[in-house]
Structure formats: C-alpha cells, structure tokens
Amino acid sequence: MGRLPASTSPLSSLREAVGADFTAAVGQLSELVRIPAMAWASFDPAELDRAARHVAALMQEAGIADVDILQAPRPDGGQGAPAVVGRRPARNGKPTLMLYAHYDVQPAGDITLWDSPPFDAVERAGRLWGRGVADNKAGVVLHLAAFRNALRVLGDDLELGITVLIDGEEEAGSPSLPLLLQQHSDLLAADVLVVADSGNWKVGVPALTTSLRGLILGTIEVQVLDHALHSGTYGGPLLDAVTVLSRLISTLHHDDGSVAVDGLVSSDVPGPSLSEEDFRADSGVRPGVPLVGTGSLTSRLWTKPALVIIGMDVPSVALSSDTLQPAARAKFSLSLAPESDTAAAMEAVRRYVEKHTPFGADVTFTPAGRTEGFAGDATSPAARAMLSAMEETWGVPAVCMGVGGSIPAVNILTKLYPRAEVLITGAEDPDSRAHGANESIHLGDFEKAILAEALLIARLNTPD
C-alpha cells in the first residue's frame, strides 16, 4: 500500500498528551485485569457487576458524564451481563463515533502454565502480561485513553459525538446484546463504529482488520450400546463409542489437512505476505509438525474453512475402567470464509456427519451457535482516516488484514446500523496469546494504538 496523503492534525499535541498519560493508562489496565469477569453460569456473576461498575467509573474519570449500566435478557430468558454505555452527544451537526470493546474474559485454564498469576498484571520485557490484558481489556482502556486525551487537546472544539459501549459477555457470544441494542437503538445510534477487539500485523506494524471469518459450533454424539460392557468379555465383535467417534472425526479432513465437508465456501485471496517461518515463530508449532491445507497462509487463516475439535466427553485416563463405552461426544468449532452462510454450513456439517458415521452407530448432531462473518471496506472515508492516523503514528504504512476469528458484536452492530462505517482495530499482536496462557500486549504498540485512535477522533471532528 502506498503512503496515504497526510492532513493537518494536532498530532504533536496528542502525542505529548498520550505520552504523559500513558503510565496512568497502564495502571488502569492493570486494575481491570485483576477483576476475573467471566460470563458463563459456572463463574461468579458478582465479578461481572464489579467489572461493570469499575468501567463506569473509568468512563466518568475520562470526562464522560452520561454513563449507564444496562442489561437485557438473553434468548434463554436469563439476565444478560451488564453492559456499560457512556455518551457525549454530538454538537453542531457533527457525526457520532461509537467505541466498542468488552470487559469479560476467557477462563485462565491451567494455572501451572502461566509464568505469573493470570489475574495479576505483570510488566516485563516491554510487555504487560495477564488474562484479558489483550482480549479485551486493552480495548476498553484504549478507547477511554484515546477519548480523554483528544478531549484534553481539543477541549470545547471537540464536537464529535462519542458513544462508548463496553460489552460484558462477548466471550460467551454476546447473547443479550441484540435485545439491548434494540431497546436502546436511538441512544446508541452511530455513524462510525470502532471495534477495538483485534490487533496489529506484527509488533511495529499497525493493521486495520477488514474481514472476519464466520463461525459455527456444534456437538456430535455417537452411541453403540445401551449400557457399558466389560471389554474383555464383549470386546471383539463390537467397537466402543470412543473408537467409532474417533474414526468419524478422522474423516473430517483430507490427507492434506483441508476440511473434507462438502459445500463450504473457500477462496484464495491476495493479502500481505506471511512466511512459514514467521507463522511457526508466532504460533509455536513444534519443529516436526508440518503445516496443512492449500493456498497462501493468509488465505488458510482468513478465507478458508478451519475445523477443530475443541472438546470431548470421554472417560479420563485417570478414571478409566476396562470398559466398552456406550456413547461418546465431541464439540467442534468450524471457522468459515467471511461471505459464508452459517445456516447452510451448519446443515452441510450435519449431512456429512450423518453420512460418514461408521459401523452403523446412532449419531446425534446438535447445533451450538453460529456467528456470521464480516467483510469491511478499506476505502471508506473513516477507514482511510484510520489508516492515515496509524501511518502517522507508527511511521510505517498500515496493513489491511483479515482475522480468522469471529467477533459476534460486529455483525450485531452492523445489522442494526447498516449505514455505519466499521473499523476493527486493537492492541494485540501475533504473540499476544489471547485465550491461552501467558496472554500479553506490547506496551509500545499499545501507546501507539491510543495515539492513533485519538488522532482519528481529531480527524473525524474536523474532516478535511
């Protein structure tokens, strides 16, 4: 990408303000990391309330006076997690910018895999470590720090409307967000949406995320017996359910590792070059493990299907007995090309499973959720302003990239506000390890991300 035309902006003043404020921003992020807010029924909902109140206080400290904590029911009838909304209305006909992030996080998992306690933010080697520090509490603090520093520099000249929406259940699929947005659609209407839940191409190279894969989740259960049997007495004429399920799972990929389910959308698209060496370094794949699939690495990551078994209900080794298991169950996660129809993809997996279950076993296929993909427009006025702000801030051209994951809120927001321009940014980098042990962000790039968004606010406030 060539250099974008620069325009007059208060970059120098914003850089000074963000630099002077950065220690405070890191401190706020560290405080937020200490709140283990997880939006599943198996975790304490009081932590969600505590995190929401903490975020509301941060909004007010940033200079947003109109702050509410809102909730709406989930589709199952239960109460959704609290969302925090802060508003500074537009003046003199200026547009409104919505800044979205989420405060809820993934569970820490196996604590022994962490180099430091997951819910204590620790700074070392130029990075900040802790659960949720990247996904997505950095997004929360990024938005608030960008706004308060833009306000400090622009003062009363800041007439752009600002709405900050901080979700409390994104990691659980944002189930109550559609109804919450419908109930408050006028309150939350915006012309530009900035979703800070992604990251950069690599440390030192900023990126605007312009596509997201769709996602479907489901479970596959096979049953071969009415009850468990002694494996020595009955083994031979029968195969146990774990073996049958394993054989079914083994058919889900071709020999080259690509997904074998018929009818899924797949495309090879041009994108920034990603070498196998860089991918291996970023992912930590073992030296003897080959990469799978066909086409460019970026296509395999962004525009082709990827199917993973993310859980199995089988006896553990520690608790196993010498038994033919009557039933076994697995949960799959299938990432899809951005333009895929997730309902059609779910039906394709159902047909495949029912056709390929071996040895006449009974099979039950149960959908468990789906999220549509997203394809953005890197040429929109807001996107060009963001790319220009990134380039001025980092001093190198920004990359337009896809992301293999999904962000439920993006599709929820774009359906409700179809005319809004959508920008997906964030503070992560390829080694942030979101959802895994030792999650972290690069502090230098975090500061630049704050500055770039503050500059975007200034640009949208006073367009060329």
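How far apart do the end C-alpha atoms of residues 211-358 lie, and how much of the span is helix and how much strand? The first point below takes this up, after a word on the basis of the model.

This is a predicted model, in which local features need pLDDT of at least 70 and side-chain atom pairs count only at pLDDT 80 or more, while totals for chains, interfaces and linings use all residues. Residues are numbered from 1 along each chain as its sequence is written, and side-chain values use heavy atoms, with hydrogens and water left out.

1. The annotated span. The end C-alpha atoms of residues 211-358 lie 37 Å apart, and the span is 29% helix and 23% strand; helices (H or I, at least four residues) and strands (E, at least two) are DSSP runs, numbered from the N terminus. An unreviewed UniProt entry annotates residues 211-358 as "domain: Peptidase M20 dimerisation"; UniProt positions are given in the numbering used here, feature names are shortened, and annotations may be inferred rather than shown by experiment.

2. An open sheet of four strands has the order 11-13-9-14 with antiparallel pairing, where two strands pair if DSSP finds at least two bridges between them. The edge strands are strand 11 (306-313) and strand 14 (362-371), each of which pairs on one side only. Neighbouring strands of this sheet are turned by 20° against each other on average, direction ignored. Strand 11 and strand 13 (residues 327-336) run antiparallel and are joined by seven bridges, and Gly311 stands opposite Lys331 in strand 13. Helix 7 (residues 241-250) packs on the sheet, touching strand 9 (214-223), strand 11 and strand 13, and its direction makes about 20° with that of strand 13; contact here means heavy atoms within 4.5 Å, and axes are lines fitted to C-alpha atoms, for helices over the stretch in contact, with angles from 0 to 180 degrees between N-to-C directions.

3. Strand 5 (residues 127-129) pairs with strand 18 in the antiparallel sense over three bridges, and the bridge partner of Arg127 in strand 18 is His442.

4. Helix 3 against helix 13. Helix 3 (residues 137-154) and helix 13 (residues 443-461) pack at an angle of about 50°, with their axes 8 Å apart. The two are therefore oblique to each other; angles under 35 degrees count as roughly parallel, over 145 as roughly antiparallel, 65 to 115 as roughly perpendicular and the rest as oblique. Helix 3 passes helix 13 in a right-handed crossing, a crossing being left-handed if the near helix is turned anticlockwise from the far one by less than a right angle, and right-handed if clockwise. Among the residues that make the contact are Val141, Ala145 and Phe147 of helix 3, and Phe446, Ile450 and Glu453 of helix 13. By class, this contact has 14 nonpolar, two polar and one charged residues; Ala, Val, Leu, Ile, Met, Phe, Trp, Tyr, Cys and Pro count as nonpolar, Asp, Glu, Lys and Arg as charged, and the others, Gly among them, as polar.

5. Helix 2 and its two partners. The axes of helix 2 (residues 46-62) and helix 3 come within 9 Å and cross at roughly 15°, and the two helices are therefore roughly parallel. Their crossing is right-handed, with Val55, Leu58, Met59 and Ala62 of helix 2 in contact with Val140, Leu144, Phe147, Arg148 and Leu151 of helix 3. The axes of helix 1 (residues 11-33) and helix 2 come within 11 Å and cross at roughly 165°, which makes helix 1 roughly antiparallel to helix 2. Gln28, Glu31 and Leu32 in helix 1 meet His54, Val55, Leu58 and Glu61 in helix 2, and these residues divide into three nonpolar, two polar and two charged.

6. Backbone points to check. Most residues other than glycine have a negative phi, and most peptide bonds are trans. The peptide bond from Asp135 to Asn136 is cis, with omega near 10°, and Asn136 lies in the loop between strand 5 and helix 3. Phe359, in the loop between helix 10 (342-356) and strand 14, has a positive phi, near 60°.
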